[in-house]
Amino acid sequence: MNVFLHETVLKEEAVNGLRVKPDGIYVDCTLGGAGHSRMIAERLQPNGVLIGLDQDQMALDHARKRLQDAQCRLHLVKSNFRFLDQVIKELGYDHVDGCLFDLGVSSPQLDIGERGFSYQHDAPLDMRMDETSELTAYTIVNEWSQEELTRILFEYGEEKFSRRIAKEIVNTREKMPISTTHQLVEVIKQAIPAPARRTGPHPARRTFQAIRIAVNDELNAFGDALAAALRVLGPNGRIAVITFHSLEDRICKKFFQKHAQGCICPPDFPVCTCNQKADLRIITKKPILPSAEEIERNARARSAKLRIAERIKEG
Ligand SMILES: C[S@@+](CC[C@H](N)C(=O)[O-])C[C@H]1O[C@@H](n2cnc3c(N)ncnc32)[C@H](O)[C@@H]1O
């Protein structure tokens with residue numbers, strides 16, 4: 001694959017939200033095709049630092065090419081963003097001035113059939129962003145218990161037919177393993193009632209989302225990464241997060257709210273006994289959404305939400 005065609009979502013809004021200082025240190029935790037990173041790099045002087053992380057080697061290889069003219073100091077690291085603080089330390093920095101997350105998969109990950117992310121391409125069930133990790137969609141579909149399958153379809157896919165689909169998966173695999181994306185699509189279609197098959201989005205969309213989240217442990221990794229980001233953010237440093245579904249957005253919103261909350265003592269307490277201090281200030285009371293024009297240009301942007309928070313100066 002020679003070109004990496006990914007249309008960057010909320011580019012200006014997210015990079016403006018970081019308030020890039022020309023000599024600051026910034027981490028793009030989801031490098032992808034480097035769309036956001038290029039804009040950050042353009043705002044940095046030669047003594048500014050851009051650190052790009054991705055767990056997908058293909059993304060890193062393309063990002064390296066797209067950033068070859070960057071004038072700032074550049075570190076591109078293959079890592080899960082949940083280890084963000086360790087990476088920063090290993091590179092020799094004690095803080096950063098901003099962290100950006102643009103969650104989910106890139107368009108090339110979806111479009112390269114063999115990666116097995118898409119119900120539109122027939123391919124082996126894979127869905128790993130990090131192709132060196134062990135757990136694949138095949139293992140989940142063919143080895144996880146009916147209860148576990150029901151749980152992930154319900155929790156990660158918000159799939160109302162989770163029980164029926166999990167049962168059909170287990171019945172089918174007793175006869176023969178389910179090896180490909182299109183075999184799985186057929187199983188899902190068999191499981192759900194005919195009227196539901198004919199209306200709304202593709203009947204496999206929620207199940208594929210759920211399995212992808214489970215394969216990549218996406219929600220736990222994101223929760224860990226927010227905590228890691230808070231540990232490395234310097235005073236007034238910013239976190240900008242673009243989410244694409246309600247589960248991710250809820251984690252981000254709750255994390256920001258929890259850390260923006262100061263004293264939690266009952267109002268009639270004469271003095272504070274909880275000693276809880278806010279360590280974040282929420283910059284976006286409501287999430288920033290893409291413009292109608294951006295959605296028109298890029299359908300993938302339609303569910304995007306951008307939230308920004310700022311580290312409160314300590315002491
Ligand atoms: C939506 S794309 C980012 C696109 C990028 N902002 C751009 O404009 O080109 C998300 C990227 O994050 C990566 N990613 C997702 N979860 C990750 C994780 N836990 N650790 C590291 N990278 C991750 C994916 O591999 C993918 O390349």
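Reader: Which residues are buried in α11?
Author: In α11, the buried residues are Thr207, Phe208, Gln209, Ala210, Ile211, Arg212, Ile213, Ala214 and Val215. Buried means under 20% relative accessible area, exposed means over 50%, and partly exposed lies in between, with a 1.4 Å probe and protein chains only. Helices (H or I, at least four residues) and strands (E, at least two) are DSSP runs, numbered from the N terminus. Please note that this is a predicted model, in which local features need pLDDT of at least 70, side-chain atom pairs count only at pLDDT 80 or more, and totals for chains, interfaces and linings use all residues. Residues are numbered from 1 along each chain as its sequence is written, and side-chain values use heavy atoms, with hydrogens and water left out.

Reader: Why is α11 described as largely enclosed?
Author: Nine of the eleven residues of α11 are buried, so the rest of the structure largely encloses this helix.

Reader: What covers the buried residues of α11?
Author: The cover includes α6, α7, α8, α9 (181-191), α12 and α13 (246-260).

Reader: And what follows α11?
Author: Asp217 follows α11, and its phi is positive, near 45°. Most residues other than glycine have a negative phi.

Reader: Where is Met127, and what is its phi?
Author: Met127 lies in the loop between α5 and α6 (137-143). Its phi is near 70°, a positive value in a residue other than glycine. Met127 is buried, with a relative accessible area of 0%.

Reader: Now the pockets. How much space lies in the largest pocket?
Author: The largest pocket holds about 840 Å³ of space. A pocket is found on a 1 Å grid over the protein atoms alone: it is an open set of points with protein on both sides within 12 Å along at least five of seven lines, and lining residues have an atom within 4 Å of a point. Grid points are joined across faces, edges and corners, and a volume is the space filled by probe spheres set on the points.

Reader: Which lining residues are closest to the centre of the largest pocket?
Author: Of the 26 residues that line the largest pocket, Leu110, Arg205, Gln209, Arg212 and Arg302 are the closest to its centre. Helix α11 gives the most to this lining, with five residues. By class, the lining of the largest pocket has eight nonpolar, ten polar and eight charged residues. Here Ala, Val, Leu, Ile, Met, Phe, Trp, Tyr, Cys and Pro count as nonpolar, Asp, Glu, Lys and Arg as charged, and the others, Gly among them, as polar.

Reader: Why does the largest pocket lie between domain 1 and domain 2?
Author: Domain 1 (11-108 + 218-311) and domain 2 (134-210) both give residues to the lining of the largest pocket, so it lies between them. Domain bounds come from an automatic or database domain assignment.

Reader: What is the volume of the second largest pocket?
Author: Its volume is about 230 Å³. Residues that line the second largest pocket include Glu158, Phe161, Pro203 and Arg206.

Reader: Is Glu158 buried or partly exposed?
Author: Glu158 is partly exposed, with a relative accessible area of 35%. This residue is found in the loop between α7 (146-157) and α8 (162-175). Glu158 has a positive phi of about 50° although it is not a glycine.

Reader: What about cavities: how many of 30 Å³ or more does the structure hold?
Author: The structure holds one cavity of 30 Å³ or more, a cavity being a set of grid points where a 1.4 Å probe fits but cannot get out. The largest cavity has a volume of about 420 Å³. Of the 32 residues that line the largest cavity, Thr30, Asp102, Leu103, Gly104 and Met129 are the closest to its centre.

Reader: Which helix supplies the largest share of that lining?
Author: The largest share, four residues, comes from α12. The lining of the largest cavity divides into twelve nonpolar, 14 polar and six charged residues.

Notes:
Contact = heavy atoms within 4.5 Å.
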